[in-house]
Amino acid sequence: MEIVGWILVIACFIISFIGLVYPIIPGVIFLLGGFIVYGLFFSFADLNWLFWAIEILFVVLLFGADTVANAFGIKKFGGTNAGMWGSTIGLLIGPFVIPVAGILIGPFLGAVIAELLVERRPFGEAVKSGVGSLVGFLTSTVAKAVIQIVMIIVFFIAI
């Protein structure tokens, strides 16, 4: 049963990293799910209140990193709230419309289209906002990957 437990824990961790590039997969839920699977198969005694407090703080940081990086990227490149919403919609739809490349093309096109249609901005400014959304997404992905790695390291230190 130990092997099955570890396979499930590691599978949850791997799926959480897949969620970095496919935002429809709730990566943080799978990461926390890996901790819970460990507790169910082995023992929750290793995962004390301090461990859970630290991990909850990292979860908050994950959500903050995602929001702040995206907003920063778009605003830094002159985008508006419409561009930010368009980028988010493009991020969710892109991977389904254009598998693999849609994760990068979706936010870019979403921001550009939103800037053009909602804000009636010139094409050059809309494209600049799209580039900002792409920079924000990539920055957010790297930040979330680092935070998730730290969360897993904290888990292994705790056990």
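Student: How much space lies in the largest pocket?
Tutor: About 570 Å³ in this predicted model. A pocket is an open set of points on a 1 Å grid over the protein atoms alone, where a 1.4 Å probe fits and protein lies on both sides within 12 Å along at least five of seven lines. Grid points are joined across faces, edges and corners, and the volume is the space filled by probe spheres set on the points.

Student: Which residues are closest to its centre?
Tutor: Pro 23, Phe 63, Asp 66, Leu 91 and Lys 144, out of 24 lining residues. Lining residues have an atom within 4 Å of a point.

Student: And which elements give two or more residues to the lining?
Tutor: α1 (2-21), α2 (27-41), α3 (49-76), α4 (81-97) and α6 (123-158). Helices are DSSP runs of H or I with at least four residues, strands are runs of E with at least two, and both are numbered from the N terminus.

Student: How does the lining divide by class?
Tutor: It has 13 nonpolar, nine polar and two charged residues. Ala, Val, Leu, Ile, Met, Phe, Trp, Tyr, Cys and Pro count as nonpolar, Asp, Glu, Lys and Arg as charged, and the others, Gly among them, as polar.

Student: New topic. How many helices and strands does the chain have?
Tutor: Six helices and zero strands.

Student: At what angle do α2 and α3 cross?
Tutor: Roughly 170°, and their axes come within 11 Å. Axes are lines fitted to C-alpha atoms, for helices over the stretch in contact, and angles run from 0 to 180 degrees between N-to-C directions. So α2 is roughly antiparallel to α3. Angles over 145 degrees count as roughly antiparallel, under 35 as roughly parallel, 65 to 115 as roughly perpendicular and the rest as oblique.

Student: Which residues of α2 make that contact?
Tutor: Val 28, Leu 32, Phe 35 and Ile 36. They meet α3 residues including Trp 52, Glu 55 and Phe 63. Contact means heavy atoms within 4.5 Å. By class, the contact of α2 with α3 has nine nonpolar, no polar and one charged.

Key
Residues are numbered from 1 along each chain as its sequence is written. This is a predicted model: local features need pLDDT of at least 70, side-chain atom pairs count only at pLDDT 80 or more; totals for chains, interfaces and linings use all residues. Side-chain values use heavy atoms; hydrogens and water are left out.
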